[in-house]
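Trainee: I would like to learn how to read a few features of a structure. Could you take me through them one by one?

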Amino acid sequence: MLARIAATCFNWAGSPHPRLEQAGFRRKAVAVARGRQQNLFGGDDPAGPAPWELAEQQDLLAAQIVFNLPAGDTWTYLVPDPLRDLIQPGQRVRAPFGRGNRMETGFCVAVGPPEDYSRRLKSIAEILDREPLAPPEMLELSRWIGERYLCSWGQVLNNVIPAAVRKQAGTRVVQSLQPSAEAPLLMQHLKLTPLQQRVMQVLEQAGRPLRIDELTEAAGCGTGPVTLLRQKGLIEALRERKSSHDLEQEEVAAVEDLQLNEDQAGALQQIQAVIESRAYRTILLHGVTGSGKTEIYIQAIREVVSYGRQAIVLVPEISLTPQTIRRFRSRFPRVAVLHSHLSPSERHWYWQQISRGEVQVVVGARSAVFAPTPHLGLIVIDEEHETTFKQDTTPRYHAREVARRRAEMEQIPLVLGTATPTLESWWRADQGEDLLVSLPRRVSSLPLPPVVIVDIRNDPQCSRGASIGRALENAMRTTLNVGGQVILFLNLRGFAPTLWCRACGESVRCPSCDITLTWHRDRQRSICHFCDYETGAITTCPSCGNAGIRYLGTGTQRLEEEVKAKFGGFRCLRMDSDSMRKPGSHDTALAAFGAGEVDILLGTQMIAKGLDFPNVTLVGVVDADTMLSQPDLRASERTFQLIAQVAGRTGRGDRGGRVFVQTSSPADPAILRAAEHDYLGFATAELRQRKEAEAPPFQVLARVIFRGELEPQVREGAKQVAGHLRQVAEEQKLAVRVLGPAPAPVARLRGMFRYHLQLSASELAPLQQLWNAAASGMPENSTFELTVDVDPVSMR
Ligand code: ADP
Ligand code: ZN
């Protein structure tokens, strides 16, 4: 509720005023954790007696606090005497906030004397953490993220420090006993019973603090004597937080590093040169599928680990399979894996291990970029082009940009690996900002598979409603008959993606989203893939009441049925998020395919990447048009990437491989270039188009999304905000274009109407300036919510 209100009013009831805040703090923030001096706010100390010197005479101590609120400010609070010696940046505190002085939790980001001692400051009420949750580097990184992605520092900190770490999940307080400092003196003056003497003797001889049960057992007594000794001050209790469990990890047999081929060795050398320079540099490792990029990451990591440093490897969540993890565990004894299915106590346990420097390699999805490694030596992002590296809730950061910033701060290399770089990364490398390292060949010089484009517009089978055309079917037969395996890719799950009314021509939509329902025949449910709304079979049209709904289109379930009907004698396995619900089912399925127990593997994105099975000699892209027809400026790029990635699943053994791409746009440049494995040709042409269209990477975009329950209010609010932004841009002469507002492509989602507008500029700075300058006069309205997405990857 709070967040909702706050999201709509930018100038809301906090005190004191944000702009004064930054000035109101001594510029050189002192007493930063670990005793390091850190200049958080920049600038030189002005000459002459400054207000803070007077404050120092008064001996006041203040803390800068940020809250998990959209208002992106830091607030100054006084630190009351009892907390002076305890407060450190990176701890959470509770403090009265706003007019009502409601207690809010915030992060302390700096400590020092206040500049403006004359102002009445509120005081911190409580410190919540004994140790800082965020080291100084993480504070600085999260501040940068707030600025970069137009959200508040507090929102970022709240997100990057896992809840499990804040709550210290999986730990408990353990009490142990030891002789007090006064014990020797007291023992000379007090008369102790023989039992009490024995207790003291046991404790002294133990040489370490003992738990009460250990002590009573060793001394052969009950708790009575111990309690008395504590009351007399001879024994003191220590309270420590201990992990209540140790994680059991799968034992993985160690594997030797591979002998690199010439291309790989050359690439590794270039990365090593950057590592040795001890400076920041981003390296774009552009290597075709199967060129052995992972082996290069591993050997580059080996280098930094040998200096006692750690490495972070980010992979798309979908690639965090047991195979991937084993690949790293077989090379490095101490690997931490961070993914979304960890229990809170596992997550906390790993976090602690990492921050103590006990982990060599952190492998994880997007948020692992925040892993608290004490001495980071290298960051690797595998499959750099994957959109899941962008977070789709606030803070809407892109892990690649955060990694870049972190690498810059820590003066280390960042390696971006992919067969299909994003045009953003390609452009940077092309301009010489980043270092381009290419691996144009597959390991052991296996050729990339030939790709056949199949025009399905005149295919007799497809015209009759089948999804597998004649050419693909024949190729499958040939492959299967000689014992090869087949992968079929289709990025629509369910049975039929459209329920269509013959009478009125409408499709059946989700009652709360502007999305057609998908029929899932296995569960006999019609499901919205956005909000998970579901209902039973639909026979009459909700629009016109006619009975005559047809179930059109093909999802993976219908494809599976077609495959089973056509290839009765062969074993088929479907992999999508419906069939792979159970934990571990992914691993089991791939193991079965790898062992040759399955002939045809069909599925969604889940099977498009990473799989490395030499016996797969045919890959079919069932419908390349589904990606091409997306209303998105990156539709071509995604189509190219997907075909290239899927094609990468074959031709990995000496039996070679072929790819069939079915489409009704056989002349589309993205499809043609992908079929020729011509990334460079694709990138060059696409960049030219992007330049003409004033699209990224030539322009920086931010998308502002408005949501609300009542359509007219959302539309009106969006218009007002757009007008205000235009006005501020004009007044301040900021070169930012404001486009829209318009209804979002998905105009209704989870019952909320959606509008959006787009800001574009040739650089980030004017865009940031506009947003910050516009914040104060932003039209206030509680009937809609507003979010801003910088560098959006989704336009829906
Ligand atoms: P990419 O990530 O570039 O698609 P991988 O790293 O998955 O490629 O490598 C493809 C396959 O080649 C893997 O099975 C890997 O073990 C193998 N491989 C990589 N480098 C070598 C090498 N130098 N010698 C032999 N096999 C290698
Ligand atoms: Zn829905």
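Trainee: Where in the chain is Asp599 found?

Mentor: This is a predicted model, so keep that in mind throughout. Asp599 sits in the loop between helix 20 (585-594) and strand 23 (600-603).

Trainee: Is Asp599 buried or exposed?

Mentor: Buried means under 20% relative accessible area. Asp599 has 11%, so Asp599 counts as buried.

Trainee: What does the side chain of Asp599 reach?

Mentor: A backbone atom. The side chain of Asp599 reaches the backbone nitrogen of Arg571, at 2.8 Å.

Trainee: Now the metal. Which residues coordinate the zinc ion (ligand 2)?

Mentor: Start with the donor atoms. Here they are the SG atoms of Cys510, Cys513, Cys528 and Cys531, at 2.3 to 2.4 Å from the zinc ion (ligand 2).

Trainee: What geometry does the site of the zinc ion (ligand 2) have?

Mentor: Ideal angles for four tetrahedral donors are 109.5 degrees. In this model the angles among the four donor atoms are 105 to 113°, and the site is tetrahedral.

Trainee: How are the donor residues of the zinc ion (ligand 2) spaced in sequence?

Mentor: Read the pattern as C-x2-C-x14-C-x2-C. Cys513 and Cys528 are 15 residues apart, and this pair links distant parts of the chain. Cys513 lies in the loop between strand 17 (498-501) and strand 18 (518-520). Cys528 lies in the loop between strand 19 (525-527) and strand 20 (534-535).

Trainee: Why does Cys513 count as buried?

Mentor: Apply the cut-off again: buried means under 20% relative accessible area. Cys513 counts as buried because its relative accessibility is 3%. Cys528 is buried too, at 0%.

Trainee: On to the other ligand. How many residues surround ligand 1?

Mentor: The shell has 17 residues, and the closest are Gln259, Gln264, Gly290, Lys293 and Asp612. By type, the shell divides into four nonpolar, eight polar and five charged residues.

Trainee: Which helix gives the most to the shell around ligand 1?

Mentor: Helix 12 (residues 293-306) does, with three residues.

Key
Residues numbered from 1 in each chain as written. Chains lettered and ligands numbered in written order. Predicted model: local features only at pLDDT ≥ 70, side-chain atom pairs only at ≥ 80, totals over all residues. Heavy atoms only, no water. Donors = N, O, S within 2.8 Å, 3.2 Å for Na, K, Ca; no water. Tetrahedral: all angles 85-135°; square planar, octahedral: opposite > 155°, others 65-115°. Helix = DSSP H or I, 4+ residues; strand = E, 2+ residues; numbered from the N terminus. Buried < 20%, exposed > 50% of the residue type's maximum accessible area, 1.4 Å probe, protein only. Near = heavy atom within 4 Å. Nonpolar A, V, L, I, M, F, W, Y, C, P; charged D, E, K, R; others polar. Polar contact = N/O pair within 3.5 Å; in protein donor to acceptor, adjacent residues only side chain to side chain.
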